[in-house]
Amino acid sequence: MSEGKLYTLGEVSEHNSSKDCWLVIDGKVYDVTKFLEEHPGGDEVLLSATGKDATDDFEDVGHSTSARAQMAEYYVGEVDKSSFPTKPTYQAAKSPQYNHDKTNEFLIKILQFVVPMAILALAIAVRFLTKKEE
């Protein structure tokens, strides 16, 4: 594989039809137009990978070593990595302030248990007291 021309991602993405299809895999540009009909996964798979870095798509499938060797005949150049859109950086969400005073939380938990038990006890007491003797 000889050194090829340097292309931007924009230039590569213009080749996105069944009559002219280029892909970017591992920073290299491939003209796979002649391979579209032969591709075991169908031409739609290749056409859907145009206009972006298709490296992850290619690796996810798990291509054989013979498939990787075959790529050399479709090589046309390299892609300028600076032409890729920048990925947003991750920023952690701001967490709410920590409440050092746990008294309120404890009181709420106790009430969540005591109030339903008191209602249940009251219902049983009312039922027992209002039950007619047989």
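# Chat about a predicted model

Colleague: Thanks! Where is Phe-113 found?

Modeller: Phe-113 sits in helix α5, which covers residues 103-130.

Colleague: And is Phe-113 buried or exposed?

Modeller: Phe-113 is exposed, and its relative accessible area is 56%. The cut-off for exposed is over 50%.

Colleague: Okay, let me step back. How many helices and strands does the chain have?

Modeller: There are 5 helices and 5 strands in the chain. Along the sequence they follow the pattern β-α-β-β-β-α-α-α-β-α.

Colleague: What share of the chain do buried residues make up?

Modeller: Of the 134 residues in the chain, 23% are buried.

Colleague: How far apart are Val-12 and Val-29 in sequence and in space?

Modeller: Val-12 and Val-29 are 17 residues apart in sequence, with 7.6 Å from C-alpha to C-alpha.

Colleague: Nice. On to rings: how many aromatic pairs does the structure hold?

Modeller: It holds 3 aromatic pairs. One of them joins Tyr-30 and Tyr-75 in an edge-to-face arrangement, at 6.1 Å centre to centre and 70 degrees between the planes.

Colleague: Which parts does that pair tie together?

Modeller: Tyr-30 belongs to strand β4 (residues 28-31) and Tyr-75 to strand β5 (residues 75-79), so the pair links parts that are 45 residues apart in sequence.

Colleague: Are those two tyrosines buried or exposed?

Modeller: Tyr-30 is buried, at a relative accessible area of 6%. Tyr-75 also counts as buried, at 13% relative accessibility.

Colleague: What about the pair of Phe-35 and Tyr-74, how are the planes set?

Modeller: The planes of Phe-35 and Tyr-74 are at 45 degrees and the ring centres are 5.5 Å apart, so this pair is tilted. Phe-35 lies in the loop between β4 and α2 (43-48), while Tyr-74 lies in the loop between α4 (65-70) and β5, so the pair ties together parts that are 39 residues apart in sequence.

Colleague: And the accessibility of Phe-35 and Tyr-74?

Modeller: Phe-35 counts as buried at 14% relative accessibility. Tyr-74 is buried as well, with a relative accessible area of 11%.

Colleague: Switching to charges. How many salt bridges does the structure hold?

Modeller: The structure holds 2 salt bridges. Asp-57 forms one with Lys-52, where the closest N and O atoms are 2.9 Å apart. Glu-59 and Arg-68 also meet in a salt bridge, at 3.0 Å from N to O.

Colleague: How accessible are Asp-57 and Lys-52?

Modeller: Asp-57 counts as partly exposed at 34% relative accessibility. Lys-52 is partly exposed too, with a relative accessible area of 36%.

Colleague: And Glu-59 and Arg-68?

Modeller: Glu-59 has 34% relative accessibility and counts as partly exposed. Arg-68, at 33%, counts as partly exposed as well.

Colleague: Which residues form the negative surface patch?

Modeller: Asp-26, Asp-53, Asp-56 and Asp-60 form the negative surface patch. Asp-56 is found in helix α3, residues 55-61, and it is exposed, with a relative accessible area of 56%.

Colleague: Where does Asp-26 lie, and what is its phi?

Modeller: Asp-26 lies in the loop between β3 (20-25) and β4. Its phi is positive, about 55 degrees, although Asp-26 is not a glycine.

Colleague: Got it. Is Asp-26 buried or partly exposed?

Modeller: Asp-26 counts as partly exposed, at 46% relative accessibility.

Colleague: Last stop, Leu-47. Where is it found?

Modeller: Leu-47 is in helix α2. At 24% relative accessibility, Leu-47 counts as partly exposed.

Colleague: How far is Leu-47 from Leu-36?

Modeller: Their C-alpha atoms are separated by 8.5 Å, and Leu-47 and Leu-36 are 11 residues apart along the chain.

Definitions and conventions:
Residues numbered from 1 in each chain as written. Predicted model: local features only at pLDDT ≥ 70, side-chain atom pairs only at ≥ 80, totals over all residues. Heavy atoms only, no water. Phe/Tyr/Trp six-rings, centres within 6.5 Å; stacked < 30°, edge-to-face > 60°. Helix = DSSP H or I, 4+ residues; strand = E, 2+ residues; numbered from the N terminus. Buried < 20%, exposed > 50% of the residue type's maximum accessible area, 1.4 Å probe, protein only. Patch = residues over 30% accessible without salt bridge, like charges linked within 9 Å, V, L, I, M, F, W, Y side chains within 5 Å. Areas by Shrake-Rupley, 256 points an atom, 1.4 Å probe, with all protein chains shown as cover. Salt bridge = Lys/Arg side-chain N within 4 Å of Asp/Glu carboxyl O. Lys, Arg positive; Asp, Glu negative; His and termini not counted. Charge placed at Lys NZ, Arg CZ, Asp CG, Glu CD.
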